[in-house]
Amino acid sequence: MIRRLGRRLAACLVLAAGPAVTTAQADPRQDFLDGRTHDCPRCDLGGMNFKRSDLSGADLTGADLRQANLHDARLAGARLTGADLTGANLNKADLSRAELGGATLRGAMLYAANLDGARLAGADLTDARMGVARLSGGDLSKAILRNVDLRKARLAQAIITGANLDRAALDFVFMHGAQLGGARLRSARLTGAEAVDVSLSRADLSHALLAGTNFRRANLYETRLDDAVFRDTVMPDGTVRGP
């Protein structure tokens, strides 16, 4: 009887210890890659292939996603605050309403990506390629967008106050109602840009190319236009400036 009780007690102790050992050995990164969990904050996922993956709402806060392939991935509402996406392929990815505040996207590819309503405040998008991307209603306040390619992108109602867009390519961009107060656009190209009702109060457009830009009803209060190039540029009052 005593021996049987001893064996039962030992078995109970093993069973009780089992979950603790399993938890201690759990690998969040492997669980994420195997699809057992949807979240992997601060994980090392650099260079991984997530092409066309559904990561909607995933928590990837602070994750290392350098050079990752996220082409056509679904990341709507994903949390990527502080994540490193340097050189990542996000072409055609759905990042609508995603949290990307303070994220690093230097040299990232975001061609035709959907960033409507995304939060990118303070993000670094230097040299990012974002042609035809959608950022309507997005928050890019104080973001770094130096030398970014945003040709034919949609930035309607976007908040871009205090951002750095020096040498950015904004040719034929649609930015009706966007807020760019205090932004820097030195030597930026806005050829054919639709900037109706845009606020550029105290912005710096020195040396910017403004050929065919439509500034109708725009706010250019104290905007710096030193050596800017005007050619068929529609000014806020509807007059056309430049040869």
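Asp-59 lies in the loop between H2 and S1. Helices (H or I, at least four residues) and strands (E, at least two) are DSSP runs, numbered from the N terminus. Asp-59 counts as buried because its relative accessibility is 15%; buried means under 20% relative accessible area, exposed over 50%, and partly exposed in between (1.4 Å probe, protein chains only). Leaving aside neighbours within four places in sequence, Asp-59 is in contact with His-38, Asp-39, Cys-40, Pro-41 and Arg-79. Contact means heavy atoms within 4.5 Å.

## Model and confidence

This is a predicted model, in which local features need pLDDT of at least 70 and side-chain atom pairs count only at pLDDT 80 or more, while totals for chains, interfaces and linings use all residues. Residues are numbered from 1 along each chain as its sequence is written, and side-chain values use heavy atoms, with hydrogens and water left out.

The pLDDT is the predictor's confidence in each residue, from 0 to 100. Its average over the chain is 92, and 90% of the residues score at least 70. Where pLDDT is low, the predicted coordinates should not be read in detail.

## The chain as a whole

The chain has 2 helices and 4 strands, and their order along the sequence is α-α-β-β-β-β. Of its 243 residues, 44% count as buried. Among contacts with a separation of 6 or more, 1% are between residues 24 or more positions apart.

The accessible surface of the chain is about 11,800 Å², and carbon and sulfur atoms hold 50% of that surface. Accessible areas come from the Shrake-Rupley method with a 1.4 Å probe; for residues, only the protein chains shown count as cover.

## Gly-87

Gly-87 is also placed in a loop, the one between helix H2 (28-33) and strand S1 (209-211). With a relative accessibility of 16%, Gly-87 counts as buried. Its contacts, apart from neighbours within four places in sequence, are Gln-67, Arg-106, Gly-107 and Ala-108. Ala-108 is 21 residues from Gly-87 in sequence, and their C-alpha atoms are 4.2 Å apart.

## The nonpolar core

A nonpolar core is a set of buried Ala, Val, Leu, Ile, Met, Phe, Trp, Tyr and Cys residues joined through side-chain atoms within 4.5 Å. The largest one has 72 residues, and Leu-110, Leu-125, Leu-165 and Leu-185 touch the most other members. Not counting residues up to four places away in sequence, Leu-185 touches several residues, including Leu-165, Leu-170, Leu-190, Leu-200 and Ala-203.

## Arginines over rings

A charge sits over a ring if NZ of Lys or CZ of Arg is within 6 Å of the ring centre and within 35 degrees of the ring normal. The charged end of Arg-154 sits over the ring of Phe-174, 4.4 Å from the ring centre. For Arg-241 the ring is that of Phe-230, with the charged end 3.7 Å from the centre.

## Positive phi

Arg-52 is not a glycine, yet its phi is positive, at about 60°. Arg-52 belongs to the loop between H2 and S1 and is partly exposed, with a relative accessible area of 48%.

Arg-167 likewise has a positive phi, near 60°, in a residue other than glycine. The loop between H2 and S1 holds Arg-167, which is partly exposed at a relative accessible area of 47%.
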